[in-house]
Amino acid sequence: MRLEGVNKYFGAHHVLRDVDLDVRAGEVVALIGASGSGKSTLCRCVNRLETVDSGRITLAGEPLPEEGRELARLRARVGMVFQAFNLFSHLRVVENIAFAPVKVRGRSRYDAAERARELLARVGLADKGDAYPGQLSGGQQQRVAIARALAMDPEVLLFDEPTSALDPEMVGEVLDVMSSLAADGMTMLVVTHEMGFARRAADRVVFLDNGRVEETAAPDEFFDGPRSPRAREFLSKVLAH
């Protein structure tokens, strides 16, 4: 996945400023920065939930499609896990996961349900397939959302602050699943405030400030000796808590 000279405006507000970023196959990139720095917007531009005003985004060398069936295929290739779980409350957990493979990929309900149960076991929820989302904790619901994204067999997974809506005691169970995916070689772009996860699981840390890529480095290099004054200031605040 490659972003080249990407700019994004909301009205007069310049949210992304000439962003260049590569995410290689099998790589985990942690995207960090202060609130309002453009991290979530960047993530949403990658699967065209937001359009860019200038610049280019390519996936496996192909530019992102504009609309229609090709755009639907793109979203099958690029999975996304949001802050909110966005599960269908009236469907059982296994039906939530199987829904898109049936509707978009054309899989049989039986095969999609079998795959859903495999993925529930993968995220540590093998016994929750017949539950409804409202019967699960926030951490469990977010793990279901990860399983739902995996059900489409994506080439890339995007995570937009997946633990920010969770109670602190539920954060670890979601990060453990994400760390497991990283260890298995899933290509991931992760917007996160969890510095421990970024240091432990990421191959590279990208620090975004005021819509610009301010610094890119290996995790140990970034956390032990950030080069830019703004990155040093940011870390001094977040690591003090």
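Reader: Where is asparagine 47?
Author: Asparagine 47 sits in the loop between α1 and β4. Helices here are DSSP runs of H or I with at least four residues, strands are runs of E with at least two, and both are numbered from the N terminus. This is a predicted model, where local features need pLDDT of at least 70, side-chain atom pairs count only at pLDDT 80 or more, and totals for chains, interfaces and linings use all residues. Residues are numbered from 1 along each chain as its sequence is written, and side-chain values use heavy atoms, with hydrogens and water left out.

Reader: Asparagine 47, buried or exposed?
Author: Buried, since its relative accessibility is 4%. The cut-offs are under 20% relative accessible area for buried, over 50% for exposed and partly exposed in between, using a 1.4 Å probe and protein chains only.

Reader: And what is asparagine 47 in contact with?
Author: Leaving aside neighbours within four places in sequence, asparagine 47 is in contact with Leu71, Leu74, Arg75, Val78, Met80 and Leu158. Contact means heavy atoms within 4.5 Å.

Reader: How many residues of α1 are buried?
Author: α1 is mostly covered, with 6 of its 8 residues buried. Those are Lys39, Thr41, Leu42, Cys43, Cys45 and Val46.

Reader: Which glutamate has a positive phi?
Author: Glutamate 161, with a phi of about 45°. Glutamate 161 is in the loop between β7 (156-160) and α6, and its 12% relative accessibility makes it buried.

Reader: Switching to helix packing. How do α3 and α5 cross?
Author: The axes of α3 (residues 93-103) and α5 (residues 138-150) come within 8 Å and cross at roughly 30°. Axes are lines fitted to C-alpha atoms, for helices over the stretch in contact, with angles running from 0 to 180 degrees between N-to-C directions. α3 and α5 are therefore roughly parallel to each other. Under 35 degrees counts as roughly parallel, over 145 as roughly antiparallel, 65 to 115 as roughly perpendicular and the rest as oblique.

Reader: Left-handed or right-handed, α3 past α5?
Author: Right-handed. A crossing gets that label if the near helix is turned clockwise from the far one by less than a right angle, and left-handed if anticlockwise.

Reader: Which residues meet there, α3 to α5?
Author: Val93, Asn96 and Ile97 in α3 meet Val144, Ala147 and Arg148 in α5. By class, this contact has 4 nonpolar, 1 polar and 1 charged residue. Nonpolar takes in Ala, Val, Leu, Ile, Met, Phe, Trp, Tyr, Cys and Pro, charged takes in Asp, Glu, Lys and Arg, and the others, Gly among them, are polar.

Reader: What covers the buried residues of α3?
Author: The cover includes α4 (109-122) and α5. The buried residues of α3 are Val93, Val94, Asn96, Ile97, Ala98, Pro101 and Val102.

Reader: How do α5 and α6 cross?
Author: Their axes come within 8 Å and cross at roughly 20°, with α6 spanning residues 168-183. That makes α5 roughly parallel to α6, and the crossing is right-handed. Residues meeting there include Ile146 and Leu150 in α5, and Val177 and Leu181 in α6. The contact of α5 with α6 has 7 nonpolar, 4 polar and 2 charged residues.

Reader: How many aromatic pairs are in the whole structure?
Author: A search finds 4. Rings of Phe, Tyr and Trp (its six-membered ring) pair if their centres lie within 6.5 Å, and planes under 30 degrees apart are stacked, over 60 edge-to-face and the rest tilted. The rings of phenylalanine 207 and phenylalanine 234 have centres 5.2 Å apart and planes at 40°, so the pair is tilted. Phenylalanine 207 lies in strand β9 (residues 204-209) and phenylalanine 234 in helix α9 (residues 229-238), so the pair ties together parts 27 residues apart in sequence.

Reader: Which residues do ring pairs link into a cluster?
Author: Phe207, Phe222, Phe223 and Phe234. Phenylalanine 207 is buried at 0% relative accessibility, and phenylalanine 234 is buried with a relative accessible area of 5%.
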